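Subject: Handover of a structure for your review

Dear colleague,

Please find below a structure that I am passing on to you.

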Amino acid sequence: MWRTGVWTLLAAVSCLCCLRLCWGQTTRTSPATSTKPGDRVKRGWVWNQFFVVEEYTGTEPLYVGKIHTDSDEGEGNIKYTISGEGAGTIFIIDELTGDIHATARLDREEKAFYTLRAQARDRLSNDPLEPESEFVIKVQDINDSEPKFLEGPYITSVAELSPIGTSIMKVTAIDADDPTYGSSARVVYSVLDGERFFTVEKHTGIIMTAVADLDRETQDRYELVVKATDMAGQLGGLSGSTTVTIVITDVNDNPPRFPQKMYQFTVSEGAAVGTPVGQVVATDADMGENTDMTYLIKEGGDLFKVTTNVETQEAVVSIKKPLDFETKRTHNVVVEAVNKHVDPRFVDLGSFRDQTIVRVSVTDIDEPPVFQPAEGTVLEVQEDAKVGALVGVVSARDPDVVNKPVRFSIDRTTDQEMIFHIDPDTGALTLGKILDRETAGWHNITVKAVEAENHAMASHTSVSIRILDVNDNPPELALPYEASICEDAKPGQLIHTISVVDRDEPQTGHRFYFTLAPEVSDNRHFTLWDVKDNTAGIRTQRSGFNRHEQNVYLLPILVVDSGPPSLSSTGTLTIHVCGCDPEGAIQSCNATAYVMSAALSPGALIALLVCILILIVLVLLILTLKRHRKGQRMTEEEEDMRDNVIKYNDEGGGEQDTQAYDMSALRNLYDFPESKGSEPGPDIRSLPQWIQTNRHNGTTLRTGTEANAVASLGVEAVAADFSLFKGYIKKKVEQADADLSVPPYDSFQTYAFEGSSSPALSLSSIHTLSTTSEQDFSYLSDWGPRFRQLAGYYAPGNLEEEGS
């Protein structure tokens, strides 16, 4: 009954709030109403927001509100309609009265308001009387939702020993009711379980510590129940709760502790350096990184060291230096454990370190010889030391009480070239070969020492021998040895910087001196400038270099080191004169390249090769033709013996005659036609053309010996016409003068007119057949049958003797 009364009261309040008519806006007449032009209709229906209470459980529809227009005069001519969210399903309207009712149970948490549109229409024509108007129906909240912890249950943590009021976390409860209406959504918090150690802020939900002595080692977890109540915690409010698990985290509030105050271990004196002696460990009540600790040796750390095993947090005590039973048999080592991460907030709780004693007993063994110094020996020797020179002495002894004798030797795997020797008794190292520091500046050898009576007791040491430098290598110019210069270089221009290499390494460092070689000290083209930093610069002394006149200059440079003793060498710098562009970039350093193109195309190269091949073929053809002509001439000379007679009996002008002619010019006039018919007479194939012409004209002229012989015998058939000879010779002389290709010979000079003193008017140098001639013609008989008749003219006696 009480709940029904509440719902009735709320519905009444809702109706009173919604039935206020407050909008008096005027608008134009709707199309369904006939009005005069200019008349305006006053719209008198409008409403505020409607409210409807949620969770209504009555049996009748819940009245929401009423819509009405001033045009409605109660005659039933107007029809009211609604549309929009929930129209016709959740909300219905009475078409005649405009009353709106809710037919369904509403939940504000699901939907807080509904937007609808109202329309007044003419019932008969269904035409709208007013423009459609929008209104809202809001669902009014009631306290029907309890607060909820949507993110619960919670797990959080807080460090141990945190002060009171330390904020741990914030919890939040959500109430689905309307926070703007009443107190339905006003939530407060409280602690139901665990309030002894923790509290929660009433309005914010922040959980805080309530005590300052939270100890993880005592209790490391707490379960806290937090409650949230709406209606601001008033009576009748709804509530919800959640669980908060609070984990207590560790802080470094406990120091390390050794379970024992003394540990004992035994080790042999022959144990190698680094051999573990034993392990000790300290405990820590903390956890995580707060248990990390490091171990230190506070006493007895000369021969032992301690390391920390980060996984097990154990202290490993090991040998730092070789132990000696004869020197000390028992060692006490104080080991201290210290926390790595100390919290300064808790230093007042006490010292976060602890100590224990580790006692180490050393047992005796037979030991090998010990070198002095044990870490190895460094010796020095001059590079120019002689073979057999002493390098140094290696020392070793037997560490046992007996002190047995020691023998030395060199491990030859470290001195395969046997450069060094060692005395087996004294350990003296001497040279076995000449040294060269530039080949090897250091020599590292291993020396072995054994007990004389027990070679199993052996030890080794390294001996490093440094070769001290001696100035035995002259300095040399570093590469490159070539430089380039532009033709338009200016005087004083730096064209090259010279550096030097020296295989020696003096202790005071290198110092080199540069100068031009004595033979070019007066060089007028270039000068050398010593930069004083072991380099030198080459500069020009003049301008106007011409690569076509001289494209390469050789500049000898003398370099001297600082010794001692001072050594020197001469290097030649080659300087090329090059053609450059206006920016100074080198274009070409070849003199020929200045007048020729830098490169030939493949077509040009092929054409050049073809031309060369043609020239070679032409030369070969010319040589072949010359050889062929020479062979023809030799054949003619062998067949025409009369020409030989003319040649070998020449009375030419001799060496003083510079106007002679080539016999080949006369020989070219010869014609050798075959004789036609069988007319009697002499053979004319070997006669010149002009002689043959005269013969056909009835006058026969002869040359050589035959002409002279016929004239001497008074043969009337042959008439000696000397004007023909003179005209022929004169003509040939003129031709020879005009032909510059004919070389001078003395052949033509022999056929000039000899004068009136010759009775036979002969053109030959052979004298007439007279008894007064002193010349002997007997040799004509030796010339063969073709000269037999001529020999009979000049040597008749010989012919008669041969005929008899």
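Residues are numbered from 1 along each chain as its sequence is written, and side-chain values use heavy atoms, with hydrogens and water left out.

Confidence

The protein averages a pLDDT of 77, and 75% of the residues score at least 70; pLDDT is the predictor's confidence in each residue, from 0 to 100. Over residues 1–46 pLDDT stays under 50, and the model has 65 contacts beyond four places in sequence for them, a contact being heavy atoms within 4.5 Å. Residues 767–771 also stay under 50, with 14 such contacts. Where pLDDT is low, the predicted coordinates should not be read in detail.

Overall make-up

The secondary structure comes to 9 helices and 41 strands. These are DSSP runs numbered from the N terminus (helices: H or I, at least four residues; strands: E, at least two). Of the 804 residues, 37% count as buried, where buried means under 20% relative accessible area, exposed over 50%, and partly exposed in between (1.4 Å probe, protein chains only). Among contacts between residues at least 6 apart in sequence, 66% join residues at least 24 apart.

Disulfides

The structure holds 2 disulfides, a disulfide being a pair of cysteine sulfur atoms within 2.5 Å. With bonded cysteines counted along the chain, they follow the pattern 1-3, 2-4.

The torsion about the S-S bond is about -90°, so the disulfide is left-handed. Cys486 counts as buried at 13% relative accessibility, whereas Cys580 is partly exposed at 23%.

The other disulfide is formed by Cys578 and Cys589, whose sulfur atoms are 1.8 Å apart. Its torsion of 95° about the S-S bond makes the link right-handed. Cys578 lies in strand 40 and Cys589 in the loop between strand 41 (586–588) and helix 2 (602–639), so the pair ties together parts that are 11 residues apart in sequence. Cys578 is buried, with a relative accessible area of 0%, while Cys589 is partly exposed at 27%.

The largest pocket

The largest pocket has a volume of about 550 Å³. A pocket is an open set of points on a 1 Å grid over the protein atoms alone, where a 1.4 Å probe fits, with protein on both sides within 12 Å along at least five of seven lines; lining residues have an atom within 4 Å of a point. The volume is the space filled by probe spheres set on the points, which are joined across faces, edges and corners. Of the 21 lining residues, the closest to the centre are Pro322, Glu367, Pro368, Pro369 and Val370. Strand 24 (370–372) and strand 32 (458–468) are the elements that give two or more residues to the lining.

Individual residues

Glu451 is found in strand 31 (residues 442–451) and is buried, with a relative accessible area of 0%. Leaving aside neighbours within four places in sequence, Glu451 is in contact with residues including Glu367, Pro369, Lys404 and Met457.

Asp354, in strand 23 (residues 353–363), counts as buried at 11% relative accessibility. Not counting residues up to four places away in sequence, Asp354 touches Arg257, Lys261 and Glu336, among others.

Backbone geometry

Most residues other than glycine have a negative phi, and most peptide bonds are trans. A cis peptide bond joins Gly152 and Pro153, with omega about -5°, and another joins Gly563 and Pro564, with omega about -10°. Leu161 has a positive phi near 65° and lies in the loop between strand 10 and strand 11 (167–170). Met418 has a positive phi of about 55°; its place is the loop between strand 28 (406–410) and strand 29 (420–422).

Yours sincerely

How values were computed
This is a predicted model: local features need pLDDT of at least 70, side-chain atom pairs count only at pLDDT 80 or more; totals for chains, interfaces and linings use all residues.
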